[in-house]
Structures are given as C-alpha cells and as structure tokens.
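Look through the sequence and the model shown here. The paragraphs after them go through parts of the fold one at a time.

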Amino acid sequence: EYHYSIRGLGPIPATDERNASDYPTSSRQTSVPEMLESLLESRLGGRGFALRDAALLAAMMHKLVMDLSEKLVHEAFFALDYMGMLTESEADLSNLSVPTVIKVIWAWEWLHWHDFDEDRGLFVDHLTIPTHVMDEFGKLAMTLMETKFFRERHRRNPFRARTLSIAETVQLALEATEAMGMWQDHDCKAMKRYLRHLDPEDDGRVPLNLVYDQPVAKDAHGEQIFRFSESQDYLRSVGALDEYMPSEPQVLVSNYLLGPANCYRSTALHTFCCLNECDAVLGEVERIVGGPSAAPHVLVPLLGNITSSSMDEAHSLSQVLVQKLSAISVQNGGSVPLHGRLFAQWLHFAFPYECPYPHVTQKDLAGNTLMTSYFRGHSNSSANWTDEEILLFAEENAQLNITLRAIVCIAFMLLAVVAMYNQIRVALRRARSVQKDMRVFDIEKCS
C-alpha cells in the first residue's frame with residue numbers, strides 16, 4: 001500500500017542496496033529481519049508463517065517505521081531550536097509557520113541518515129541548501145499541507161496566518177512517510193524516459209557503453225537526480241545486464257530501474273524504490289482472470305488491450321509472442337500459470353520497459369541468495385540459458401515435457417501416499433501411547 005522497500009526483506013541483500021561508501025555509519029542502520037527475528041522466533045517457535053502471522057509482520061513493520069518517524073520529528077525540533085533556527089514565537093511549538101514546518105521536514109529527513117552531534121556543520125549546510133531528497137520531502141509536505149488547509153478552510157480563521165502545531169507537524173511527517181512511495185516515482189519515470197530514448201531497438205535494452213557515455217542528470221537547482229555510474233559487476237549481480245553477446249553487453253532497463261541503486265536514501269528500516277509497473281499489468285490480469293492460470297485465448301486479447309506508461313495506446317501482440325504463450329500453455333496442460341517463471345519471462349518481452357526479466361536465484365549452503373552470476377560456468381544449469389533458448393525449449397519440447405511431467409507427477413503421488421501412510425501409522429502409535437499414559441494417570445489419581 002505504501003510502496004516501502006524493507007531493508008533485508010527484498011531479493012537484494014541489505015548490504016548490497018548501495019555501495020557502502022554512499023551511506024554514513026549509523027546505529028540506526030539495522031535491517032528489519034535482525035530486529036524482528038528473535039520476537040518472531042519466540043512467538044512462532046519454528047512452526048513457520050501462517051497468513052495471520054504474515055499480516056502481523058506487515059503491521060509490525062509499519063509500526064516500526066511510524067515510530068521511528070515520530071521520534072525523529074521531535075529530534076528535528078530539538079536540532080532546529082539548538083541551532084537557533086526557530087523564532088521566539090515558534091519555540092513553544094504551538095504555532096509553526098509554513099516555512100518552519102518545511103524546515104522541520106527537511107531536518108527530519110536529514111536525521112534519518114546523520115548524527116546531529118557529529119555533523120552539526122553539515123546540518124546547517126543542508127538546511128541552507130537542501131539535498132534533492134530533502135527537497136522532494138519538502139515539496140510533498142507542502143502538497144499535504146495545502147490539502148489539509150483546503151479541507152479545513154471552513155474551520156480556520158481566514159484572517160490569521162496558516163500555522164501548524166507540533167502534533168499536526170508530526171502527523172504531517174507520518175503522512176509524508178506513507179505518501180512518498182508514489183510521490184518519488186516521478187524521478188524513476190524520468191530515468192525510464194531517458195533510457196528509452198537511448199534504446200536503439202525499442203526492446204528494453206540499451207548498450208552499456210552508451211549508458212556510460214551519458215552525463216549526470218540534474219534538477220533545476222543543480223542537484224543530481226541520477227547518474228549512470230554503476231559498475232558492470234554490480235549490474236550483473238542485480239540482474240540488470242544482458243550478456244547474450246559478451247562483447248556487446250546491454251542494460252535491461254526495467255531490471256535496472258528496480259535495482260537498489262535507484263532507491264531513495266531514507267530510513268534504516270525502509271527505503272523508497274522505483275515502483276514495479278509490472279505489478280499493475282499482472283494485477284489487471286489477475287482481476288479479470290480470477291484464478292491462478294488462464295488459457296492463451298483468454299490472455300492474448302486481454303494483454304493486447306493493456307497500456308502502460310511507455311505506451312500511448314494498446315498494441316496487438318506479435319505472432320511470435322502469441323506462439324510462445326501457446327507453447328507455455330502446452331507445457332502446462334493447456335493453461336498458462338500466471339505466477340510461473342515462463343510467464344514472467346514472457347511478460348518481459350511483451351512489456352520490456354515495465355516487466356523485469358526474471359533471473360534464476362538459488363541459495364547457497366549458508367542460506368544466502370545467489371544471483372544468476374553464481375551459476376556462470378556451471379554446466380547443465382538453466383541459469384546459463386538465454387531468453388530465446390528457454391522459450392524455445394518450452395515450444396519445441398512441449399509434448400516431451402507433458403510425458404515427463406506425467407511420469408514425475410505419478411512418482412510424487414506414490415511417494416506422497418507412502419509418506420501419508422507412514423504419518424498415519426506414527427500418529428496412531430502416538431495416540432495409543434497417549435491413551436495408555438492417560439489411563440495410568442487416571443488409575444494413580446483414583447488410588
């Protein structure tokens with residue numbers, strides 16, 4: 001709902017979200033899993049997550065984010081007052097002018113990543129000339145304030161200056177925290193338009209050397225909005241590099257946009273990243289289909305009528321894409337699984353600027369997520385296959401896959417029946433043991 005990207009719970013480890021040098025060292029930089037692990041383990045006792053537990057986790061994370069935001073607003077007031085940046089009339093925090101509220105929001109955002117006691121000089125510098133992210137939070141807060149004043153226009157005195165109390169300012173910061181996910185995405189859209197302009201084939205891929213040749217993009221104040229300076233190793237590790245032709249690597253636009261390097265520098269608990277526009281495409285399909293899978297004749301007209309931010313109007317699917325979709329359905333008994341990897345891959349080719357290419361991931365012995373690069377050089381691994389090879393495999397070997405699928409299904413069914421039988425035997429044995437113990441207990445109790 002709020003488009004948070006929780007540190008430590010995404011596909012990219014928290015330590016890889018940016019280069020370590022980009023972040024100041026702070027005691028607040030703790031990932032959410034580290035904070036909640038002991039609590040959840042004590043509550044669940046290793047039993048795993050139920051749906052209710054997942055909802056509880058989401059509520060707990062939201063409360064952690066809100067509690068930290070509220071705490072930092074009060075610290076922002078203290079920092080501004082200590083540096084003499086509040087007027088005498090505002091020192092009691094009962095009537096804060098609009099410019100002062102914006103300054104509080106700037107300070108509040110700054111304190112997420114800096115220690116006031118150690119960086120007071122930097123605090124003054126950034127309050128004088130705010131960073132791009134601080135300025136974005138200020139603009140959002142101004143929009144929220146204008147909405148609040150308009151909503152309360154019949155209750156406020158039109159002859160008095162518009163002010164907010166400290167409680168209203170705290171609430172404004174909390175609303176900004178919840179609204180920033182959608183607000184900040186315009187930077188991502190600007191980056192997407194910029195990269196698409198560089199795409200020679202309009203297929204969602206830009207030559208890497210062309211990306212590196214681009215200048216730094218700045219806003220009207222000269223503040224950097226984005227720059228393309230990530231190393232080739234980084235792009236490979238986050239799945240944003242297409243090396244089908246090793247001598248001519250290309251950047252996958254949608255994968256790059258969703259990479260951790262494009263996330264806002266926000267709180268240690270969460271950050272704001274570019275929105276995954278493929279979620280809207282898949283969400284529309286799920287809404288109309290109303291099930292986990294659908295036949296190609298249902299999906300083709302549906303997906304052909306969906307538009308996105310990179311399309312001025314809906315476009316019909318190419319015959320090649322239609323054939324690939326049919327091949328996926330043949331492999332899966334006549335329907336296309338909406339949440340399978342092949343359909344996610346197909347969506348990438350149908351909507352190359354919205355849907356990222358789904359790279360294969362696996363975990364090592366230590367439980368760490370392994371990116372596609374881990375499998376390079378390993379023979380007999382589908383992670384080394386190109387896009388065309390995987391879809392071609394689905395198309396050319398559909399009938400063979402059905403046969404193998406049937407054999408595997410029968411084998412697993414037999415194994416499941418045997419396992420169920422063993423479980424029933426164990427349960428009956430335990431039940432008899434419990435009944436025997438209870439009879440002994442009753443006898444001893446009666447005697």
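**Strands, helices and confidence**

Strands β7 and β8 pair in the antiparallel sense over 2 bridges. Strands (E, at least two residues) and helices (H or I, at least four) are DSSP runs, numbered from the N terminus, and two strands pair if DSSP finds at least two bridges between them. L241 has V251, in β8, as its bridge partner. The open sheet has 3 strands in the order β4-β8-β7, with antiparallel pairing. Because β4 (205-207) and β7 (241-242) stand at the edges with a single partner strand each, one side of each is left without a neighbour in the sheet.

This is a predicted model, in which local features need pLDDT of at least 70 and side-chain atom pairs count only at pLDDT 80 or more, while totals for chains, interfaces and linings use all residues. Residues are numbered from 1 along each chain as its sequence is written, and side-chain values use heavy atoms, without hydrogens and water.

The predictor's confidence in each residue is its pLDDT, from 0 to 100. The protein averages a pLDDT of 75, and 66% of the residues score at least 70. Among the elements, strand β8 (residues 250-252) has the highest mean pLDDT (94) and strand β13 (residues 369-370) the lowest (44). Where pLDDT is low, the predicted coordinates should not be read in detail.

Helix α13 (residues 319-331) packs with helix α14 (residues 341-350) at an angle of about 175°. Residues of α13 including L321 and I328 meet residues of α14, among them F343 and W346.

Note on methods. Axes are lines fitted to C-alpha atoms, for helices over the stretch in contact, and angles run from 0 to 180 degrees between N-to-C directions. Contact means heavy atoms within 4.5 Å.
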